[in-house]
Amino acid sequence: MYGGGKGFCKLIKTPNSQLLTFSYLCAKFNLNDMLSEQEQIRRNSLAELYKLGINPYPQAAYPVTVSTTEILEKFDDNNLEQFQEISIAGRIMSRRIMGAASFCELQDAKGRIQLYIKRDEICLGEDKTMYNTVFKRLLDIGDFIGVKGFAFRTQMGEISVHVKELTVLSKSLRPLPIVKEKDGVVYDAFSDPELRYRMRYVDLVVNDKVKDIFITRSRIINSMRNFFNENGCLEVETPVLQAIPGGATARPFITHHNALDIPMYLRIADELYLKRLIVGGFAGVYEFSRNFRNEGMDRTHNPEFTCMEIYVAYKDYLWMMDFTEKMINRVVTEVLGTDTVKVGDNEICFKAPFKRITMIDSIKEKTGIDITGMDEAQLRDVCKQLDVEVDASMGKGKLIDEIFGAKCEGTYIQPTFITDYPVEMSPLCKRHRNNPELTERFELMVNGKELANAYTELNDPIDQRARFEEQMKLSERGDDEAMFIDQDFLRALEYGMPPTSGMGIGIDRFVMLLTGQTTIQEVLLFPMMRPEKVKKVATKEDFMAIGVPEAWAEVLVSNGYTSVEAIKEEKASALREKLNGLRKKNKLDIPALQLEDVEAWQK
């Protein structure tokens with residue numbers, strides 16, 4: 001019942017042969033920086049567990065036979081034999097110690113259940129250490145335990161597990177935030193976004209609904225994957241490290257390959273590689289890719305994000321529009337059980353068909369200005385008239401994009417296909433069959449943001465080379481998002497690519513929509529964060545510099561004093577009493593402090 005394990009380390013003794021506290025050892029040998037009082041207590045409990053012969057981090061697998069939710073959902077008062085011999089494991093999330101019997105709440109990956117622990121049940125002989133010492137005193141909220149027993153219903157009507165055997169599986173050395181709820185009001189919530197995103201592991205433990213977001217995310221991806229597979233498409237993988245960052249207009253992250261001694265780029269898109277596979281003879285390919293763009297961060301952008309791209313031979317953007325509409329509707333209804341989603345004050349309906357409007361008509365509809373046939377100078381005048389901010393590096397495509405982004409995009413709440421983009425905005429897209437100034441492209445706008453982007457793909461290698469060269473001219477003007485010329489991709493096109501349509505969808509934004517989140521950080525397990533600011537913690541030498549003897553400096557460091565200012569702010573008599581108390585408790589072989597000693601440190 002105790003779990004095995006002896007001798008976690010050689011016992012280190014002070015000159016008077018008294019065992020040092022675990023936290024003192026940590027400080028003495030730089031095993032940790034400053035510890036809070038709770039952290040010190042937990043480390044002392046850890047040391048005591050080892051002294052009892054209990055390994056708080058056992059190597060052996062623990063036999064879990066059932067989950068908490070399975071017990072709660074399937075427990076039947078008329079079939080008590082069903083859960084008579086069960087084994088479950090998880091974290092202790094609350095405890096109610098009541099003498100010889102106690103209750104605690106266990107949380108596993110699926111949910112929580114109450115445990116009933118009776119001293120004489122888990123300690124069958126005379127030795128009651130497992131209950132009186134281990135469970136009541138050395139275990140804490142956040143610790144992992146495994147229990148064996150049977151399910152029953154308490155007199156209060158709560159389904160619980162009557163524990164017959166308890167095993168320590170992992171000792172938690174940091175206390176979890178304790179989120180309390182009373183009468184529907186939550187207290188001490190772990191809600192600071194900075195802490196939640198940086199310490200997602202804590203967020204997932206204490207905020208139940210957070211895990212649901214990521215379960216939904218997985219279901220969305222699986223539903224999309226099933227739809228594509230059912231339609232004859234093959235899932236593939238393409239390089240993340242690329243010699244040329246192609247397939248989109250974005251600023252890349254740059255790295256270096258030492259063995260080849262060449263610069264490399266993290267992919268900004270997987271488009272050009274997937275099209276190579278269409279050249280190679282695949283009928284339809286798709287990839288859920290992790291993309292990287294060295295750009296700004298805000299509520300809807302993260303430098304690292306997930307995109308799904310799919311390419312299907314012998315199709316055009318009109319077919320892809322219908323295909324996308326069916327896929328989106330299928331995923332929404334399959335995952336949520338409805339085709340309507342509430343996002344803030346907006347209720348969004350994904351029932352087909354979605355609205356369709358050309359980009360130029362959209363700009364005309366929202367601004368009253370028809371930009372058809374305008375050159376760069378005229379577009380700059382329109383931007384000035386509409387107070388749209390632009391710069392000298394922008395060509396026609398970027399100017400039109402800025403107008404649409406500023407005046408149109410945010411107005412489309414219900415799913416809307418924006419179609420037929422100007423050719424300057426789409427260097428990889430085939431020219432429109434009825435108007436060579438436009439391209440066969442659509443973007444799906446939902447809740448004021450782009451969700452999907454699709455083309456009738458450009459498969460004319462001559463036209464494609466000319467488009468790349470135009471992008472290079474923009475780069476020379478200072479546009480650091482302009483595309484590179486990918487000579488190998490052009491060579492692939494020269495071998496012949498069949499008529500093809502491709503579509504990309506931002507997975508993170510899609511998940512935001514279906515889970516009702518307003519920031520991308522909420523749907524990324526580990527969003528990009530600024531480096532954590534680490535507060536400088538005082539060392540033994542810092543205290544010695546103000547006259548504290550080395551032995552007492554070690555005591556200060558090991559007992560929670562993070563700075564020299566901390567001891568100067570404390571009342572001298574109270575500090576003397578506290579430190580002498582620690583000396584007595586730990587039987588330290590150093591002289592007792594006098595008041596004048598402490599006052600000298602504080603000058």
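Predicted model: local features only at pLDDT ≥ 70, side-chain atom pairs only at ≥ 80, totals over all residues.
Residues are numbered from 1 along each chain as its sequence is written, and side-chain values use heavy atoms, with hydrogens and water left out.

Now the overall picture. The C-alpha trace spans about 90 × 75 × 50 Å along its principal axes. The chain has a radius of gyration of 32 Å, whereas a compact globule of 603 residues would come out near 25 Å; the radius is taken over C-alpha atoms, and the globule rule is 2.2 Å times the number of residues to the power 0.38. Of the 603 residues, 47% count as buried, meaning under 20% relative accessible area, with exposed over 50% and partly exposed in between (1.4 Å probe, protein chains only). There are 21 helices and 20 strands; these are DSSP runs numbered from the N terminus, helices being H or I with at least four residues and strands E with at least two.

On to the strands. β1 (residues 86-98) pairs with β4 (residues 144-153) in the antiparallel sense over 6 bridges, and Ile 86 stands opposite Gly 149 in β4. Pairing here requires that DSSP finds at least two bridges between the strands. β4 is also joined to β5 (residues 159-170) by 10 bridges, again antiparallel, with Ile 145 and Val 168 as bridge partners. In that hairpin, 5 residues lie between the strands, and Gly 157 takes a positive phi near 90°.

Further along, 3 strands form an open antiparallel sheet in the order β9-β11-β10. Its edge strands are β9 (241-242) and β10 (254-257), each pairing on one side only. β9 meets β11 (residues 262-266) over 2 bridges, and Leu 241 stands opposite Leu 266 in β11.

So what about the interior? The largest nonpolar core has 46 residues, and Met 224 and Ile 505 touch the most other members. By nonpolar core I mean a set of buried Ala, Val, Leu, Ile, Met, Phe, Trp, Tyr and Cys residues joined through side-chain atoms within 4.5 Å. Helix α10 (residues 317-336) gives this core its largest share, 9 residues. Apart from it lies another core, of 30 residues, including Phe 83 and Leu 166.

Two helices to finish. In α11 (residues 359-367), Met 359, Ile 360, Ser 362 and Ile 363 are buried. They cover an arc of only 160° around the axis, which puts them on the same side of α11; that arc is of the directions from the helix axis to the C-beta atoms. Their cover includes β16 (355-358), α13 (396-407) and β17 (416-419). Gly 368 follows α11, with a positive phi near 80°.

And how much of α18 (residues 550-558) is buried? 7 of its 9 residues are, so α18 is largely enclosed by the rest of the structure. Among them are Trp 552, Glu 554 and Ser 558. Just after α18, Gly 560 takes a positive phi of about 100°. Thanks, everyone!

Conventions:
Contact = heavy atoms within 4.5 Å.
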